[in-house]
Amino acid sequence: MVIKIRLARFGRRHAPVYNIVVAHARSAQTNRPIEVIGTYNPIPVPPADGIGKGTKHIELDTARAKYWLGTGAQPSDPAWRLLSMLGLLEPKWSIARLQSKAGKSAVKPKEPRNVEDVTKSIQGNIGIGEPGATAKEN
């Protein structure tokens, strides 16, 4: 049977709190999970000094999360995002992951373009160049 690491919602209306749970893939969200390994509060808590952004609270038993990932538990997309923020998984759509799936030559980061090359290509496309030159006809 497939085991999933996913989020189970608790809390009040407009004030959600999620448990990070390990459960069977076909069980309902409200069914009792195999194990609760952490909590996640998506509402940012304002800082004590009042300056800067608030922080979202993630509490996770990393040893149990590593155990379940080692046994083959599949995290859902939101759980994958949380686990990658904590450093247990690599980000889902990182360049390294895409290269390993599609081959090393499939995904290449874009090379920074030189300013002169860009201006020459723009001037060539619209027909601007040397004095006395006429515009290109398309």
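## Basis and terms

Buried means under 20% relative accessible area, exposed means over 50%, and partly exposed lies in between, with a 1.4 Å probe and protein chains only. Asn19 is buried, because its relative accessible area is 18%.

This is a predicted model: local features need pLDDT of at least 70, side-chain atom pairs count only at pLDDT 80 or more, and totals for chains, interfaces and linings use all residues. Residues are numbered from 1 along each chain as its sequence is written, and side-chain values use heavy atoms, with hydrogens and water left out.

## Overall fold

The chain has 4 helices and 5 strands. Both are DSSP runs numbered from the N terminus: helices are H or I with at least four residues, strands are E with at least two. Along the sequence the pattern reads β-β-β-β-α-β-α-α-α.

Of the 138 residues in the chain, 22% are buried. Contact means heavy atoms within 4.5 Å. Among contacts between residues at least 6 apart in sequence, 27% join residues at least 24 apart.

## Strand pairing

Two strands pair if DSSP finds at least two bridges between them. E1 (3–12) and E2 (15–24) are antiparallel partners, with 10 bridges. Arg9 faces Tyr18 of E2 across this pairing. The E1–E2 hairpin has 2 residues between its strands, and His14 takes a positive phi near 65° there.

E1 also pairs with strand E5 (residues 74–75), in parallel, through 2 bridges. Here Ile5 stands opposite Pro75 in E5.

## Nonpolar core

A nonpolar core is a set of buried Ala, Val, Leu, Ile, Met, Phe, Trp, Tyr and Cys residues joined through side-chain atoms within 4.5 Å. The largest one has 15 residues. Ile5, Ile20, Val22, Ile37, Leu60, Ala65 and Trp68 have the most contacts inside it. Strands E1, E2 and E3 (35–45) each give two or more residues to this core, as do helices H1 (62–70) and H2 (77–85). In soluble globular proteins, nonpolar side chains tend to be buried together.

Leaving aside neighbours within four places in sequence, Ile20 contacts residues including Ile5, Leu7, Ile37, Leu60 and Leu82. Its contacts also include Arg6, Glu35 and Glu59.

## Largest cavity

A cavity is a set of points, on a 1 Å grid over the protein atoms alone, where a 1.4 Å probe fits but cannot get out; lining residues have an atom within 4 Å of a point. Grid points are joined across faces, edges and corners, and a volume is the space filled by probe spheres set on the points. The count is 1 cavity of 30 Å³ or more. The largest cavity holds about 30 Å³ of space.

Its lining consists of Leu7, Ile20, Ile58, Leu60, Ala79, Leu82, Leu83 and Leu86. Strand E4 (55–60) and H2 each give two or more of these residues. H2 gives the largest share, 3 residues. By class the lining has 8 nonpolar, no polar and no charged residues. Nonpolar here covers Ala, Val, Leu, Ile, Met, Phe, Trp, Tyr, Cys and Pro; Asp, Glu, Lys and Arg are charged; the others, Gly among them, are polar.

## Two individual sites

Asn19 sits in strand E2. Not counting residues up to four places away in sequence, Asn19 touches Arg6, Leu7, Ala8, Phe10, Val36, Gly38 and Thr39.

Lys66 belongs to helix H1. Lys66 is exposed, with a relative accessible area of 54%. Lys66 and Leu89 are 23 residues apart in sequence, with 9.5 Å between their C-alpha atoms.

Note on methods:
1 Å grid on protein atoms, 1.4 Å probe; cavity = no way out; pocket = protein on both sides within 12 Å on 5 of 7 lines; lining within 4 Å.
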